[in-house]
Amino acid sequence: MVYPHSFGGQFVPEILMTPLLRLQQSWEKARASNTFQEELDALLRHYAGRPTPLTEVKRFAAAIDSPRLFLKREDLLHTGAHKINNALGQCLLAKQMGKTRIIAETGAGQHGVATATACARLGLQCVVYMGSVDMARQKPNVDKMRLLGAEVVAVEQGSATLKDAVNEALRDWSAHDDNSHYCLGSALGPHPYPEMVRAFQSVISLETKEQLSALTGQAPTLMIACVGGGSNAIGFFHHFLADESVQLVGVEAGGLAIAPGQHAARFAGGSPGVLHGCYTYLLQDAFGQVMPTHSVSAGLDYPAVGPDHAALHESGRVRYEHVSDAEALKAFHLLTRCEGIIPALESSHALSYAMKVAPKFAKEDIIVVNLSGRGDKDLNHIIENHHDNYC
Ligand SMILES: *Cc1c(COP(=O)(O)O)cnc(C)c1O
């Protein structure tokens, strides 16, 4: 699949160009190497828990008046979400490059935990930059990373959240590129990161295609994934992009309202610009200043989206929609009660969109939703905020 080239690029300070070019060369060698792919496949299969099941959810489908509906179960992976696919891929690559130290940034802590896990498994040193505001909000993940042997560095600059942590991680990488790899957590950032993360996550669509065909003999009619930076969505869509008969929808965080500072729907309120090394869609004001964002789900709460999605939005191949915090919470409760599957709040956005559109589809159609992660990490938020049980 060839993507339009206007989005993406390498908008970085000169000092990062050499590390990026080295990474690009090593990645191109690794992706063509059978031994690298075999080693990664073995890790995914025997350590992370791939292939993940494709589960038909009949009671949920009946409750929302849907045709046959399947969930791709990334929630069942080790550490509870798709992020481990990318963390293992990048850490294995770093090890092959002779690096001994991994730098990561994290917002909610999920990518930090996945990276600390991969580092423990592969015997690599791990440093995770995290905004001090996020550290206070996500204490259990900070504890987990430290237990796993990672050093968690508090970032006090700026708003002391994810985008400030990214800046610190890039600064560290530019100073320690000789022994360190920067493990970026989504399909974002300067080339080759978006392409590399997409490749590591595309195992999701490869499996989905085979599994759905074996189970039903059909191709999906509609596929839905939530979009933060965009890694689970691009991985879930990748092997279906060429088949124009498959409708693809990415769901962003509509938050409280589509008004400045109250959401993270880049395609509803954003415009093209540069953030963290690439040209893409982001939420910015008339002066190009990055806007604050809000979402009930920390993983979708980010001002920029990966450049592949910007291109797929402009070409029209993928449609981007948004659902509100309240709608996502409703889907969270419904799936939990109907199926005994507690979804992440991020994934609940994709489920909520399925609830909206499923009745419009014919009985012989098939809908597949990517369940990007499990909701254990969100339980405190749900319970503390006394969200109604909508069932
Ligand atoms: C981090 C996360 C996301 C958002 O990240 P993407 O790169 O857009 O996939 C979605 N779901 C879960 C469960 C996450 O942990």
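Student: Is tyrosine 281 buried, partly exposed or exposed, and what is its relative accessible area?

Tutor: In this predicted model, tyrosine 281 has a relative accessible area of 10%, and because buried means under 20%, tyrosine 281 counts as buried. A pair of aromatic rings is described by the distance of the centres and the angle of the planes.

A search of the whole structure finds nine aromatic pairs. In one of them, the ring centres of phenylalanine 7 and tyrosine 279 are 5.4 Å apart and the planes meet at 10 degrees, so this pair is stacked, given that planes under 30 degrees apart count as stacked. Phenylalanine 7 comes from the segment before helix 1 (17-31), while tyrosine 279 is in strand 10 (residues 278-282), so the pair ties together parts that are 272 residues apart in sequence. As for accessibility, phenylalanine 7 is buried, at a relative accessible area of 10%, whereas tyrosine 279, at 29% relative accessibility, counts as partly exposed.

Tyrosine 281 itself pairs with phenylalanine 267: their ring centres are 5.0 Å apart and their planes stand at 50 degrees, so the pair is tilted. Phenylalanine 267 lies in helix 12 (residues 266-269) and tyrosine 281 in strand 10, so here the parts tied together are 14 residues apart in sequence. Phenylalanine 267, with a relative accessible area of 13%, is buried, and tyrosine 281, as said above, is buried at 10%. Strand 10 thus contributes tyrosine 279 to the stacked pair with phenylalanine 7 and tyrosine 281 to the tilted pair with phenylalanine 267.

Technical notes. Residues are numbered from 1 along each chain as its sequence is written. This is a predicted model: local features need pLDDT of at least 70, side-chain atom pairs count only at pLDDT 80 or more; totals for chains, interfaces and linings use all residues. Side-chain values use heavy atoms; hydrogens and water are left out. Rings of Phe, Tyr and Trp (its six-membered ring) pair if their centres lie within 6.5 Å; planes under 30 degrees apart count as stacked, over 60 as edge-to-face and the rest as tilted. Helices (H or I, at least four residues) and strands (E, at least two) are DSSP runs, numbered from the N terminus. Buried means under 20% relative accessible area, exposed over 50%, partly exposed in between (1.4 Å probe, protein chains only).
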